[in-house]
Amino acid sequence: MAFPVHSFGQRLLMGTVAFLAASAIYLYGFPQQNVFYAVIVLLHLVAGIAATILLLPFLGRILRERSWLGRGGWLLFLIGAALGFWLVHTGTIRSEWKWMYAHMAVSAAALAF
């Protein structure tokens, strides 16, 4: 996450990642059974898909030009995205929560890098 933000796509990617982090904190910190929570879950899903699609065009440049910390952070982000897609596939039932916690840990590590 250490490349300079110049283009509209890069600014959009950074904003999407910020929304993902904020929505993840809300979803983990305030689990509820209401419509607002379900809307945040769906927005988190859509933002995750959008961020993954936005990242793909920049990936080659990131891997060529960034430090090992930057490369590691964005690769962890892609691993977190893959785990998120797996959670959508499985429906994130209670027996699959180990994958949800893996998604949370990898995504938090990506933000730390």
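## Thr92 and its loop

At 28% relative accessibility, Thr92 counts as partly exposed. The residue sits in the loop between α3 (68-90) and α4. Most residues other than glycine have a negative phi.

## Model and confidence

The structure is a predicted model. The mean pLDDT of the protein is 90, and 96% of its residues reach 70 or more. Among the elements, α2 has the lowest mean pLDDT, at 91. Helix α4, residues 97-112, has the highest, at 94.

## Overall architecture

The protein contains four helices and zero strands. Read along the sequence, the pattern is α-α-α-α. Helix α2 spans residues 35-65, and α3 spans residues 68-90.

Taken along the principal axes, the C-alpha atoms fill a box of roughly 45 × 25 × 20 Å. The radius of gyration of the protein is 14 Å, which agrees with the value near 13 Å that a compact globule of 113 residues would have. Contacts between residues 24 or more positions apart make up 57% of those with a separation of 6 or more.

## Surface and burial

Of the 113 residues, 32% count as buried. The accessible surface of the protein comes to about 7,000 Å². Carbon and sulfur atoms account for 75% of that surface.

One part of the surface is a nonpolar patch of about 340 Å², made by Phe19, Val35, Val39 and Leu43. Helix α2 supplies the largest share of the patch, three residues. Val35 is a member of the patch and lies in helix α2. Val35 has a relative accessible area of 65%, so the residue counts as exposed; the cut-off for that class is over 50%.

## The salt bridge

The structure holds one salt bridge. The side chains of Glu65 and Arg61 form this pair, with a distance of 3.6 Å from N to O. Side chains of opposite charge can pair when their charged atoms come close.

Both Glu65 and Arg61 belong to helix α2, where they are four residues apart, about one turn of the helix. Glu65 counts as partly exposed because its relative accessibility is 47%. Arg61 is also partly exposed, with a relative accessibility of 31%.

Trp68 lies in helix α3. With 60% relative accessibility, Trp68 counts as exposed. Trp68 and Phe113 are 45 residues apart in sequence, and their C-alpha atoms are 9.6 Å apart in space.

## Helix α2 in review

Several of the features above involve helix α2. This helix provides three residues of the nonpolar patch, including Val35. Helix α2 also holds both Glu65 and Arg61, whose side chains meet in the salt bridge. In terms of confidence, α2 has the lowest mean pLDDT among the elements of the protein.

Note on methods:
Residues are numbered from 1 along each chain as its sequence is written. This is a predicted model: local features need pLDDT of at least 70, side-chain atom pairs count only at pLDDT 80 or more; totals for chains, interfaces and linings use all residues. Side-chain values use heavy atoms; hydrogens and water are left out. Patches are made of residues with over 30% relative accessible area and no salt bridge: like charges are joined within 9 Å, nonpolar side chains (Val, Leu, Ile, Met, Phe, Trp, Tyr) within 5 Å. Accessible areas come from the Shrake-Rupley method with a 1.4 Å probe; for residues, only the protein chains shown count as cover. A salt bridge is a side-chain nitrogen of Lys or Arg within 4 Å of a carboxyl oxygen of Asp or Glu. Helices (H or I, at least four residues) and strands (E, at least two) are DSSP runs, numbered from the N terminus. Buried means under 20% relative accessible area, exposed over 50%, partly exposed in between (1.4 Å probe, protein chains only). pLDDT is the predictor's confidence in each residue, from 0 to 100. The radius of gyration is taken over C-alpha atoms; the globule rule is 2.2 Å times the number of residues to the power 0.38. Contact means heavy atoms within 4.5 Å.
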